[in-house]
Amino acid sequence: MDAVTLEEFGEPEVMRWAQVPDPAGPGAGEVLIDVAVAGVNRADVMQRKGFYPPPPGASETIGLECSGVIAEVGTGVDDFRAGDRVCALLSGGGYAERVVVPATQVLPVPEGVDLAGAAALPEVAATVWSNLVMRAGLREGQLLLIHGGGSGIGTHAIQVARSRGARIAVTAGSQYKLDRCKELGASILVNYREDDFVAAVAEFGGADVVLDNMGAKYLERNVAALADDGQLCVIGMQGGASAELNLGALLGKRGTIHATNLRRRSATGRSSKAEIIAELRTHLWPLIANGTVAPVVHKELPVAEAAEAHRLLDSPETVGKVVLRIRDL
């Protein structure tokens, strides 16, 4: 089969579409997927640069989500059969023609969604739902602050929060992105290049939940932005990994900080990928089927243009996800 390979770590041009060995057939509890479309994520960029290696035993090929058609099922798989159109959360291997994945990380393509849209869902849906709903318990009337509102995570989080009756504040680096966030349901819009998000949410008593992709750079200000009993959910480290925490400020607000990683979660068990995927199928997939929550795809590119897809993640005009078409199915 063909897959995206890395000649070395570095800039987008190090990626090449080349022949690699086929994956072994699915083992017990696994399925083999013929991949149609792969989602592109910030973690892919970090892996390409050599900063985010796959967990032990995972494919070295980039790609944390895909959509396609099941080619074969392993023993013990009852929910799926060959020919089913699905999308999947992966530990790696998405930028390839075929991938093997545990069936517990596979979801049916939601009703009314095409394969390109389905490929844009597993990573963002699992990240947002596990943090905002399963961990923070976001509920009606609360104020949620989302950093990177125009990103794939951000655009999905806005819709999930809106469905739960929360008020939504976002930060973004361009008016275009802020306008799109407003269309999706955000009401407090902060251009982080010009304005202070702490002051913006302070007018409303602070944020009950903060969804943060920046890490160290925003830690102090995120704590300052919290309402009493507020929760800070850290899901990324784009602004660094190490910062000093003022425990006094956190104690004064009875605040909580959660730091979570999706890729390195266990496949099964408590707080596992299987547990999150089951939650999505039960609670989120009906919202997607009825149009309450929809995938936001900025652009679909052929896999040969994977380098351009990675560059688009940093464009001020990119809102939502970028996906790579592997083949038509």
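Tutor: A salt bridge is a side-chain nitrogen of Lys or Arg within 4 Å of a carboxyl oxygen of Asp or Glu. Keep in mind that this is a predicted model.

Student: What makes Asp34 and Arg327 a salt bridge?

Tutor: Their closest N and O atoms are 3.3 Å apart. The cut-off is 4 Å. So the pair of Asp34 and Arg327 counts as a salt bridge.

Student: Which parts does this pair tie together?

Tutor: Asp34 lies in strand β3, residues 30–40. Arg327 lies in the segment after β15.

Student: Why is Asp34 called buried?

Tutor: Its relative accessibility is 17%. Buried means under 20%. So Asp34 counts as buried.

Student: Is Arg327 buried, partly exposed or exposed, and how do you know?

Tutor: Arg327 has 25% relative accessibility.

Student: How many salt bridges does the structure hold?

Tutor: The structure holds 11. One of them joins Arg42 and Asp314, at 2.9 Å from N to O. Arg42 is in helix α1, and Asp314 is in the loop between α10 and β15, 272 residues apart.

Student: What makes Asp314 exposed?

Tutor: Its relative accessible area is 56%. Exposed means over 50%, so Asp314 qualifies.

Student: Which residues are linked in a network of salt bridges?

Tutor: Glu13, Glu308 and Arg311 are.

Student: Now helix α4. How do you know that its span agrees with its number of residues?

Tutor: Helix α4 has 12 residues, 152–163. At 1.5 Å a residue, they should span 16 Å. The end C-alpha atoms are 17 Å apart, which agrees.

Student: Why is α4 called largely enclosed?

Tutor: Nine of its 12 residues are buried, so the rest of the structure largely encloses α4. Among the buried residues are Gly152, His156, Ile158 and Val160.

Student: What follows α4?

Tutor: Gly165 does, and its phi is positive, near 80°.

Definitions and conventions:
Residues numbered from 1 in each chain as written. Predicted model: local features only at pLDDT ≥ 70, side-chain atom pairs only at ≥ 80, totals over all residues. Heavy atoms only, no water. Helix = DSSP H or I, 4+ residues; strand = E, 2+ residues; numbered from the N terminus. Expected span 1.5 Å × (residues − 1). Buried < 20%, exposed > 50% of the residue type's maximum accessible area, 1.4 Å probe, protein only.
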